[in-house]
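Thanks for coming. Please have the sequence and the structure open.

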Amino acid sequence: MHLDNLARIDLNLLVILQVLLEEQSVTRAASRLHLSQSALSKSLNRLRDTLGDPLFHRTAHGLKPTAHAMQLGLKLPDILQGLYQLTQAPSFTPASSNRQFSFAMVESAYETLLPYFIGPLLNNAPNLKLDTYVWMKQSMQALQTGQIDFGISGRDLHPQSDFQIDRLPDGISHKTLFTDKQICLVRENHPIISAVKTGQWDLQIYLEMSHVQVRCEGNDWWALDYHLANLGHRRKLSTTVPDFYGAASVCAHSDLIFTLPSSFARHAKKLYPLVELPLPFEFIPLAYVLLWHSRNNEEPGHKWIRETICKSVAEAFDNDTSSNET
């Protein structure tokens, strides 16, 4: 390693390169870095001179990275994370830390999981700043590049699923927080309730009903729909909405049936006059998993956050199980 050559490089330029690779727009990158476009353009020119490559080409759709820039983009997140960790104290003291952590979570986790761990985190580390975002298709990539610290997502446990937790992208670690099952909700006095009571509740009747569906990660279909399609069936999705509470409200004010994780159904029934029905056929469980990049496995702050989340959720669901048994 030629340290004298490295000393001539402004390491801040690496941060600028990472943001440019993520945004692929001088305007958006400048806004994110709180710089003028002129200052960012000058930094980009310095980067080009330092690295001996144009790095980006301007197109009608923004900046397109060169092959060399794309190769650098594969290495930069780990390099920058290493540099960041060099600036941190060798230990993490929750009570005095003012660090910032970011989360991306599936929408159902805001009600079913966040309340269980937000208190233990902030009670023990009152100066932390926790930013949460909705889990989207790009969130896994954001975990890989270091744009977010943690993800909480639902993952299908079907052995042939594309969303298996043992098929996560390279570098992504996980811990299963709990497993859940799918159930159905209908409004009070729905005509199907009497049929269920007399044993007339099966797959055929389920398929004949009209359904309300939550759009997850931009998709109208869930794992359940792909499962049914493999069996040659298809649900009648009359309405799709962007969030679980919206779907619960639609369900409460119509004859539509809503299929969802049982953990969220408990919260929906507190707000709306809804009746829970079992799913009338066998279907695989769902796992809620905590996700992070393996580069942070031993980082003290990340480790404390993970351990606190896992312990808090485990205690909460153990208590739920105990109360249900009594």
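Predicted model: local features only at pLDDT ≥ 70, side-chain atom pairs only at ≥ 80, totals over all residues.

Leu14, Val15, Leu17, Gln18 and Leu21 in helix α2 are in contact with Ala69, Leu72, Gly73, Leu76, Pro77 and Leu80 in helix α5. By class, that contact has 9 nonpolar residues, 2 polar ones and no charged ones. Helix α2 covers residues 12–23 and helix α5 covers residues 67–86, and their axes come within 10 Å, crossing at roughly 120°. An angle from 65 to 115 degrees would count as roughly perpendicular and one over 145 as roughly antiparallel; α2 and α5 are therefore oblique to each other. The crossing of these two helices is left-handed.

Next, helices α3 and α4. Helix α3 is residues 26–33, helix α4 is residues 37–51, and they pack at about 105° with their axes 9 Å apart. So α3 and α4 are roughly perpendicular to each other. Which residues meet here, in α3 and in α4? From α3 there are Val26, Thr27, Ala29, Ala30 and Leu33, and from α4 there are Gln37, Leu40 and Ser41. The contact of α3 with α4 divides into 5 nonpolar and 3 polar residues, with no charged ones.

Helix α12 runs over residues 244–252 and helix α13 over residues 262–271; the axes come within 10 Å and cross at roughly 55°. That makes α12 and α13 oblique to each other. Is the crossing of α12 and α13 left-handed or right-handed? α12 passes α13 in a right-handed crossing. On the α12 side the residues are Phe244, Tyr245 and Ala248, and they meet Phe264, His267, Ala268 and Leu271 of α13. In the contact of α12 with α13, 6 residues are nonpolar, 1 is polar and none is charged.

Helix α12 also takes us to the sheet. It lies across β7, β8 (210–214), β9, β10 (257–261) and β11, and runs at about 145° to β10. What is the order of the 5 strands in this open sheet? The order is β9-β8-β10-β7-β11, and the pairing is mixed. At the edges are β9, residues 236–241, and β11, residues 274–278, each of which pairs on one side only. On average, neighbouring strands of this sheet are turned by 35° against each other, with direction ignored.

Within the sheet, look at β7 and β11. Strand β7, residues 182–187, runs antiparallel to β11, and 5 bridges join them. Arg187 has Leu274 in β11 as its bridge partner.

Strand β1, residues 56–59, pairs with strand β2, residues 62–65, in the antiparallel sense, over 4 bridges. How many residues lie between β1 and β2 in this hairpin? There are 2 residues between them. Thr59 has Gly62 in β2 as its bridge partner.

Last, the rings. The count comes to 14 aromatic pairs. One of them is Phe178 with Tyr288, which is stacked, at 4.9 Å centre to centre and 5° between the planes. Phe178 lies in strand β6, residues 172–180, and Tyr288 in strand β12, residues 286–293, so this pair ties together parts that are 110 residues apart in sequence.

That is the end of my list. I will take questions now.

How values were computed:
Residues numbered from 1 in each chain as written. Heavy atoms only, no water. Axes fitted to C-alpha atoms, helices over the stretch in contact; angles between N-to-C directions. Parallel < 35°, antiparallel > 145°, perpendicular 65-115°, else oblique. Left-handed = near helix turned anticlockwise from the far one by under 90°. Contact = heavy atoms within 4.5 Å. Nonpolar A, V, L, I, M, F, W, Y, C, P; charged D, E, K, R; others polar. Pairing = 2+ DSSP bridges. Phe/Tyr/Trp six-rings, centres within 6.5 Å; stacked < 30°, edge-to-face > 60°.
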